[in-house]
Amino acid sequence: MAHSEEVYDGWVTSLLASRGQPSPPAPELHGQVMMKDTRSRAYAAVWGHDLWIYPNKEGFQLGVASFSVPLNVATVKSTGRHSFTLITPFKTFNISVDSSKDLSNWLDNLSSTISSALSSGQVLMRLRENPDNKLCGDCGSANPDWASINLLVVICQNCAGQHRALGTKLSKVRSVKMDNKVWTEPLVQLFVTYGNRLSTQVWAPAVPAVEQLQPDSSDEERSKFIQEKYSRGRYRRVHALAYSQPLMDQTHLCVKEDEEEELHGKLEDDRFLFSLENNSAACDVLDLREVLSVFLKEGPDHEFELVSLNERIVCSADHQEALQSHLVYILKVILPSGVSYAEVGGASAVSKVCVFEVGGASHQTDAWLLLWEDGISVHPVVRDAEQTLRLELSEITSHQKEPSKNTIAMVTADRHLSFRFEEQHSCQSWFEHLGRALSGLKAHAAAPQTRSHGSPSRQSLYPAMDVVSRGSVPQAIECCISHVTNYGLKIEGLYRRCGLVSKVQELVKVLSISPKSAPLESDEQGVLDAAAALKLYVRQQESLIPDRERQQWLHAAVISDERARFSAYRRLIQQLPDDNRATLNALFGHFYVVQMFSQVNKMSAHNLAVVLVPTLFQSMNQDLFRLTKELIIHHTLLFLTPQEDTKDQAEEQITAF
């Protein structure tokens, strides 16, 4: 008979939850003890990392305890021939046993358990070095302390119970705190490096919001979700060839027959599709979000290398334009927002790293490390966590590689930077690229000379960048673009929603006089004000496409053949005054980045064109709309690819080895 309804409900809930669960293992040590503080006999047992105190042996056999003492915060010491003291932050327990032999057994067992508990606490702390492991990988509950070691996911106690229901063949559930023998160093490193992030990418990259499990979800909802997620694989990303068994069989042949077999590649959304023949069905696919590093290879061949968790792929293009188009596409998929066109265009080595000891502080952050023409950039994966860091190559006073730790250290006059790579090849390749860049810098300093425009000192991703850079972009436009890129790419309705009229007018006035002192604010309204100020500033300037040439642009926009239409666009762009061309390049490059985030900000190229045509042309018609939309979508091809009048461009193809 329960004393109250609350006690009754607690017993029923606990008993129902334990149904079907295996019996706990026998305690490591148990026996009669005397609690000296209360001068009463009791029965004690060591279960896991806790000391449980029962009123008597019958209570121990029934599993009804008086209280428990967590040993991960306790210390033990002998205080007499047959007694010991257990000290915790909240209370000290004085306990005596029947004999010296019993005392020795209790002291040895408690000391060992305390040591094991402390070790397991360290495992938990190490797993939480990865921020993704601080929340349950299934429901999002804070501070989970269980894990499925074969599914590589850290989970809460409630979800752990449902994982056990899946069976050990599907999910091997272990306690982070108690199952210390399981947590070997390689397993810990695997969870620290990948953990819940990789598990989510594999098992649930896109769960519908209405089906997402919550911390307060019921047991029925939790059971259904976990069964759907892991047993039925409902939320997994489906392989592009999953519904064609013959092609899936062919995929294995592509991999197994010859590791150097030539394949043809095609980019589609965030995937790289490979086929045995040009324009044939895909035989393999690479998720670009799994790419860890990209390296532009030296030499006359147009090649770059992709490094993922499982493989390295060398991609060879037929010509520089194809290399440029594919590489820019890939980098824009994998890099976070806020990376400038100059960085993407001049990049020769890009890797995902863990940055630590920045500026002398002992914190770590995940980031993308870029080596490009003007120096080194560090872009945090989570922009709110850290600021972007940029260094000129001339600032680096020393650098070294630690192969055993996959780490590159760089020292400047005022900071020490260390970058840990996720695998050895990326570390080695990045170090080689850095060495070549620094050697080239020293050689240039030792023998300064003027380069001819047609003979750059190193291969550039954008061979037409020098043409674009002959003009200058108004500083006011650069300030607004930089501000919106840094703070507003994920704001819904960017460039469509209006700013505050008085604020926008004030910004335009200051931008026209002293752009660097413009009071640009980083909150949502501040970004909307900056975007509106950019549109108003451009509208107030002389048209970027001169009125005398407007009709030629309209004629180009109605050409039915796409290749001929794009060729006409590029010819007209080259005919523009240098400053106009540079400014248009900056604007449409920025709008291209904005539409890359259209799933979040809802501003596709179509929606942007609707908003921008009146700003750019002070009029609106269908031809101008089509022109603006295509300048956004095909910005790289139209602005950053050199013109070739002597031949039509063949369809871009890329080859992977």
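Visitor: Leaving aside neighbours within four places in sequence, which residues is Ser175 in contact with?
Guide: This is a predicted model, in which local features need pLDDT of at least 70 and side-chain atom pairs count only at pLDDT 80 or more, while totals for chains, interfaces and linings use all residues. Residues are numbered from 1 along each chain as its sequence is written, and side-chain values use heavy atoms, with hydrogens and water left out. Ser175 lies in strand E10, residues 173-175 (strands are DSSP runs of E, at least two residues, and helices are runs of H or I, at least four, numbered from the N terminus). With contact meaning heavy atoms within 4.5 Å, and sequence neighbours within four places set aside, the partners of Ser175 are Asp145, Trp146 and Trp183.

Visitor: Is Ser175 buried or exposed?
Guide: Buried means under 20% relative accessible area and exposed over 50%, with partly exposed in between, for a 1.4 Å probe and protein chains only. The relative accessible area of Ser175 is 3%, so this residue counts as buried.

Visitor: What percentage of the 657 residues of the protein chain count as buried?
Guide: The chain's secondary structure comes to 22 helices and 24 strands. Among contacts with a separation of 6 or more, residues 24 or more positions apart account for 56%. Of the 657 residues, the share that counts as buried is 46%.

Visitor: How far apart are the C-alpha atoms of Val97 and His82?
Guide: Val97 sits in the loop between strand E7 (92-96) and helix H3 (100-127), and its relative accessible area of 7% makes it buried. Not counting residues up to four places away in sequence, Val97 touches Val33, His82, Phe84, Asp102, Leu103 and Trp106. Val97 and His82 are 15 residues apart along the chain, yet their C-alpha atoms are separated by 5.5 Å.

Visitor: Within what arc do the buried residues of H5 fall, seen down its axis?
Guide: In helix H5 (residues 185-193), the buried residues are Leu187, Val188, Phe191 and Val192. The arc is that of the directions from the helix axis to the C-beta atoms. These residues line one face of H5, because they fall within an arc of 135°.

Visitor: Of the 60 residues in the largest nonpolar core, which touch the most other members?
Guide: A nonpolar core is a set of buried Ala, Val, Leu, Ile, Met, Phe, Trp, Tyr and Cys residues joined through side-chain atoms within 4.5 Å. In the core of 60 residues, the members touching the most others are Tyr495 and Leu587.

Visitor: About how much space lies in the largest cavity?
Guide: A cavity is a set of points on a 1 Å grid over the protein atoms alone where a 1.4 Å probe fits but cannot get out, and lining residues have an atom within 4 Å of a point. The largest cavity is lined by Leu534, Lys535, Val538, Leu587, Phe591, Leu612, Thr615 and Leu616. Its volume is the space filled by probe spheres set on the points, which are joined across faces, edges and corners. For the largest cavity this space is about 40 Å³.

How values were computed:
1 Å grid on protein atoms, 1.4 Å probe; cavity = no way out; pocket = protein on both sides within 12 Å on 5 of 7 lines; lining within 4 Å.
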